[in-house]
Amino acid sequence: MSMELKLYDTLAREKRVFAPIDPQRVRMYVCGPTVYDFAHIGNARPVIVFDVLFRLLRHLYGESRVTYVRNITDVDDKINARAAERGVSIRDLTEETYQNFKADVAALGCLPPTVEPRATDHIDEMKTLIERLVANGNAYVAQEHVIFSVPSMKGYGKLANRPLDEMMAGARVDVAPYKRDPLDFVLWKPSNRGDPSWESPCNIRTPGRPGWHIECSAMSWKHLGESFDIHGGGIDLVFPHHENEIAQSCCAFHTKVMANFWMHNGFLQVEGEKMSKSVGNFVIIRDVLADWPGDVVRLAMLSSHYRQPINWTVKGLEEAEKALAGFFDAASADAEPRPAPSVLEALLDDINTPKAIAEMHALKNAAGRRALAGTLGFFGFRPEELKAWQADHVPEPALPAVEIESRIAARNAARKAKDFAESDRIRDELAKLGVVLKDSKEGTTWEVAR
Ligand code: AMP
Ligand code: ZN
């Protein structure tokens, strides 16, 4: 078995063998949420997918050798608008939303990242980068904005891999007058009165605030350095967000790469449709967790390969619940948390979780009990959680309880009369209706089969 980890790199457009730049320290950055409202089930996808990669890297390189940074974007127009709408302070809104997000992702069974930096704690780093970009000739000041000059960077557009004219067509809509080129983007802008503002860089007199892209260049620099191993996020972030992060970081540091591997999860749809508030299929993690255990949500999410689109359905959750219950039934009580060799092999191949789950099903036998328990522990699946949920969610029987009781009485009478053909017939008939009988010294009880 090969122990090489292969990851699909969006920039190279192929799977490549992973090796950390610094063998003593694996460094991963994933773009986190903009905190103004509850996170939706689509936001849960990168959180869950990169949690599995985090666990895998910790398994391969040692727990203390992996640094996982997932930022909090707490300065944004949507935040300002929502705070005004609700009549709360921006700090209260972002803090409340962040606490909700933290609780949601913990309930999903995801490990906390090593660092969760907030954008507003890194304004100085952003200003340092912006001033360097201006000094390097990669950015200019215009009408109190600082703008990144896209034509100043050779190789811009490599990640997005789109023809320049296509990117231009997208950018040409409503080009701001202060931009020299339609693709140029904002690094810093003046704040509206009443909105959060900081002293501006580059001798601009009006207080202002950073653009979105510069936040990630600053936070990854501060916590991971000028170049690092893996940068992740949803596929929607490839262009312009990640393309612009690369432009900023590589031009500020004169480095060839910002991250060695660019990884992107595919998009999630709900019951076959793009999730949107107007369609009425907008699903927040909080509501899903009211109905399902976090581990079931996680297993359902991992049932599709992370680069494929995923269709989020109630049926998928029901299937994941059955699968997880089957794993816990078959696994031994405890084992050291480590993936079974067959599961590890699947994960080493670009985190092939559908294959890993198929291998877990194959371990549901006497010989696989311990390996399965170790694998469940590796993923962080929690047997007590599912048990507690099952105790609260007893399925409805197909017959009224009095009818079941009367059939049990008839069966007991048949048994007393030694008419075993009849007593078996009654038991089988109930079994077909999903009602399972359990005989003991104290008498016969029934439950609904799951
Ligand atoms: P946002 O708060 O919108 O910036 O998104 C946070 C993260 O969730 C980013 O990595 C997005 O790419 C990702 N994301 C947002 N919507 C979806 C979706 N429907 N499916 C998968 N990932 C998504
Ligand atoms: Zn980012």
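**Reading serines, a zinc site and a ligand**

Visitor: Leaving out residues up to four places away in sequence, Ser249 touches Ser217, Thr255 and Met258. Where does Ser249 lie?

Guide: Before we go on, keep in mind that this is a predicted model. Ser249 is part of helix H7, which covers residues 238–253.

Visitor: Is Ser249 buried or exposed?

Guide: To read burial, look at relative accessibility: under 20% means buried. Ser249 comes out at 1%, so it counts as buried.

Visitor: And what joins the side chains of Ser249 and Ser217?

Guide: Touching is one thing, but a polar contact asks for a pair of N or O atoms within 3.5 Å. The Ser249 and Ser217 side chains make such a contact, at 2.9 Å.

Visitor: On to the metal. Which residues are the protein donors of the zinc ion (ligand 2)?

Guide: Go by donor atoms when you read a metal site. Around the zinc ion (ligand 2) these are SG of Cys31, SG of Cys216, NE2 of His241 and OE of Glu245, at 2.1 to 2.5 Å from the ion. Along the chain, their spacing reads C-x184-C-x24-H-x3-E. Cys216 sits in helix H6 (residues 212–224) and His241 in helix H7, so this pair ties together parts 25 residues apart in sequence.

Visitor: Why is the arrangement of the four donor atoms around the zinc ion (ligand 2) irregular?

Guide: Check the angles. For four donors to count as tetrahedral, all angles must lie between 85 and 135 degrees. Here the angles run from 74 to 129°, which makes the arrangement irregular.

Visitor: Do Cys216 and His241 count as buried or exposed?

Guide: Cys216 has 1% relative accessibility, so it counts as buried. His241 has 0%, so it counts as buried too.

Visitor: Now ligand 1. How many residues surround ligand 1?

Guide: Start with the neighbours, then look for polar pairs. There are 15 residues around ligand 1, the closest being Gly42, Asn43, Gly234, Asp236 and Leu268. For the polar pairs:
- A polar side-chain atom of Asp236 is 2.4 Å from an oxygen atom of the ligand.
- A polar backbone atom of Gly42 is 3.1 Å from a nitrogen atom of the ligand.
- A side-chain N or O atom of Asn265 is 3.3 Å from a nitrogen atom of the ligand.

Visitor: How do I read a helix from end to end? Take helix H2 (residues 77–86): which are its buried residues?

Guide: At the start of H2, a side-chain oxygen of Asp76 reaches to within 2.7 Å of the backbone nitrogen of Lys78. The buried residues of H2 are Ile79, Asn80, Arg82 and Ala83, and they pack against helix H3 (90–107) and strand S8 (208–210). Gly87 then follows H2, with a positive phi near 65°.

Visitor: Finally, the overall view. Which domains is the protein chain divided into?

Guide: Domain 1 is 6–268, domain 2 is 292–393 and domain 3 is 401–448. The C-alpha centres of domain 2 and domain 3 are 35 Å apart. The chain has 16 helices and 14 strands, and its C-alpha trace spans about 100 × 55 × 40 Å along the principal axes. Of its 450 residues, 50% count as buried.

How values were computed
Residues numbered from 1 in each chain as written. Chains lettered and ligands numbered in written order. Predicted model: local features only at pLDDT ≥ 70, side-chain atom pairs only at ≥ 80, totals over all residues. Heavy atoms only, no water. Helix = DSSP H or I, 4+ residues; strand = E, 2+ residues; numbered from the N terminus. Buried < 20%, exposed > 50% of the residue type's maximum accessible area, 1.4 Å probe, protein only. Polar contact = N/O pair within 3.5 Å; in protein donor to acceptor, adjacent residues only side chain to side chain. Contact = heavy atoms within 4.5 Å. Domains from an automatic or database assignment. Donors = N, O, S within 2.8 Å, 3.2 Å for Na, K, Ca; no water. Tetrahedral: all angles 85-135°; square planar, octahedral: opposite > 155°, others 65-115°. Near = heavy atom within 4 Å.
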